[in-house]
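Please examine the sequence and the three-dimensional structure shown below. The briefing that follows is arranged by topic.

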Amino acid sequence: MTSPPSVRPGYWTANLRYLAILLSIWFLVSFGCGILFADALNGFRIPGTGFKAGFWFAQQGAIYAFLVLIFVYVRLMNRLDREYGVEEE
Amino acid sequence: MNVQAWTFTLVAISFALYIGVAVWSRANTTRDFYVAGKGVHPLANGMATAADWMSAASFISMAGLIAFLGYDGSVYLMGWTGGYVLLALLLAPYLRKFGRYTVPDFVGERYYSKTARVVAVVCAIFISFTYVAGQMRGVGIVFSRFLEVPIEWGVAIGMGIVFFYAVLGGMKGITYTQVAQYCVLIFAYMVPAIFLSILITGNPVPQLGLGGADLVSGEYLLDRLDGLHEQLGFAAYTDGSKSTLDIFAITAALMVGTAGLPHVIIRFYTVPRVRDARISAGWALLFIAILYTTAPAVAVFARTNLLNTVSEQPYEAVPEWFTTWENTDLIAYEDHNGDGLIQFVGPDAIDDSGRPVENELTIDRDIMVLANPEIAGLPAWVVGLVAAGGLAAALSTAAGLLLVVSSAISHDLLKGVFRPGISERGELVWARISAAFAVVLAGYLGINPPGFVAQVVAFAFGLAAASFFPAIILGIFSRRMNREGAIAGMISGIVFTAAYIIYFNYVNPAANTADNWFLGISPEGIGFVGMLINFVVAGIVSRSSAAPPEEVGRLVESIRVPKGSGPAHEVSA
């Protein structure tokens, strides 16, 4: 293993901050809207469709949100890598 | 052409395609064999990961399970997709930067311990074998139903194909074959789904059709299904009947288990750069999501169709598919009240005078997807296509798992522990021998299933969640985590989870009810508790033992930064 490249402090903290925010959303859309609050949300409908909101989050919405989260993370991290000059050639 | 002729033709064409791809992309070095030379484009890797991940269970069983479970089926949908967020954010980029070949490589090196490596190898082999036996069984079912050959022959043919391209092609052959298999399986899944969606709701997009109105009654499809369920004494489709805590635990165990499965993790070693590892988790989830957002729609279409087709119909007049599946014992009808009509009802069903009605129909959940095109009266080629898709899903997953077993034996055990001086050529020979051995053993298990394949698959998730996931996460995010903590954590997590599952499934199955479960968490979800135990034990033990050596601290610093991946971390194999 080579010695670690010297990195300006702040890179790892910024990474952890992104993770905290994105994983909170991850938790909220799946365990929150899809499970814990599903019964309450089922009192509402996704406008113009037959979906009860809690059911929709559990079987559709959470999956769409997961996808968005990963692509947002990729963008954020690629930008952060460039900012700190640690991107790959 | 009839159904059987179509099935033969489509299956033969798809098999020829896989073999052609495997010959074109065979492996020449151990790097090719284990990680496809690390030269796979992220998009192709995403597609291969999707095919690898979506097994016969996703393709054949999942929509059927959801059709019978309703809202409770959401645990599979969220559980088997949400894990990719954890993979992309917490594991894939760091493991790619670490840049070896296998998961035990990471565990062994990060925790500077052969014991830790051996514990990891044993977990990897056990998890992969339980999985692969299920895949071979899926192959057997498709062959026996659609090609009318005995299950043994079906398994043997499947083994032959996998043997050919896994042993010859290694990861490189498997990756490009899986790309082809993804295309076959997603096409085979979407065509009947789109047909059904148009037939039932008039909307060609199944994800929208699911929220749309039924063409016949004009009511929303989901409301209509809830109504039918109430009328027939089932729990409402959109409500479900498991406890919230259990749903929570099962979902968490499946998510974390997904992120801890060695055959999924290993895929992220195959791409050229760290940034490719991040994005290829995204592509993988996109390709998986196409099927996973369609599955709940297929489930509702199938459920509605089934209730409309069989409920209160005279048994004499059942359609042809009903009789075909009866012959395979996957549908059974017993006329309890002697009226000649089929009563397909739930536990709460009562008739007009308030007396309970007995259910007369049992349907194996696994046949919903396979029978769906026939139930809806779709053309014969669609039925054949579904068979080819089911085979693609089973074979691609089996091949990926066999590679994990083979690399665990030749790379982690032989080179890593017993014969460190082995040459590259020798290691490649051993990799092929162990792949061949694994194929034969998997085939044997497929023909003589241990009787608990379905349960053991859930078992594999629980074990992965309770063992690998915490060990890897702590290895990346905690510099202080040491050998003692990781080993103690992995062992306590695994032992707790395994003991709980074994107790309720084999020692005392009579007690396997919600009243006796720990906090009402079923054995399916207990891996989540096992994971928490692993984290806590690892934390306590590591604080009370010596800090890891300095070079481990440098290793952790190094994997946290993308720069310098690739050649700098090349292994001289």
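The lining of the largest cavity consists of 10 nonpolar residues, 1 polar residue and no charged residue. Here Ala, Val, Leu, Ile, Met, Phe, Trp, Tyr, Cys and Pro count as nonpolar, Asp, Glu, Lys and Arg as charged, and the others, Gly among them, as polar. This is a predicted model, in which local features need pLDDT of at least 70 and side-chain atom pairs count only at pLDDT 80 or more, while totals for chains, interfaces and linings use all residues. Residues are numbered from 1 along each chain as its sequence is written, chains are lettered from A and ligands numbered from 1 in the order in which they are written, and side-chain values use heavy atoms, with hydrogens and water left out.

**Cavities**

- The structure holds 3 cavities of 30 Å³ or more; a cavity is a set of points, on a 1 Å grid over the protein atoms alone, where a 1.4 Å probe fits but cannot get out.
- The largest cavity has a volume of about 80 Å³, a volume being the space filled by probe spheres set on the points, which are joined across faces, edges and corners.

- About 360 Å³ of space lies in the second largest pocket, a pocket being an open set with protein on both sides within 12 Å along at least five of seven lines.
- Its lining has 22 residues, and the closest to the centre are B:Phe68, B:Leu69, B:Phe234, B:Ala235 and B:Arg303.
- Strand E2(B) gives the most to this lining, with 3 residues.
- By class, the lining has 11 nonpolar, 7 polar and 4 charged residues.

**The interface of chain B and chain A**

- In chain B, 63 residues are in contact (heavy atoms within 4.5 Å) with 48 residues of chain A.
- The buried area is about 4900 Å², of which carbon and sulfur atoms give 70%; this is the accessible area (1.4 Å probe) that two parts lose on being put together, summed over both.
- There are 3 salt bridges between the chains, each a side-chain nitrogen of Lys or Arg within 4 Å of a carboxyl oxygen of Asp or Glu.
- One salt bridge joins the side chains of B:Asp226 and A:Lys52 (3.5 Å, N to O).

Notes
On a 1 Å grid over the protein atoms alone, a cavity is a set of points where a 1.4 Å probe fits but cannot get out, and a pocket is an open set with protein on both sides within 12 Å along at least five of seven lines; lining residues have an atom within 4 Å of a point. Helices (H or I, at least four residues) and strands (E, at least two) are DSSP runs, numbered from the N terminus.
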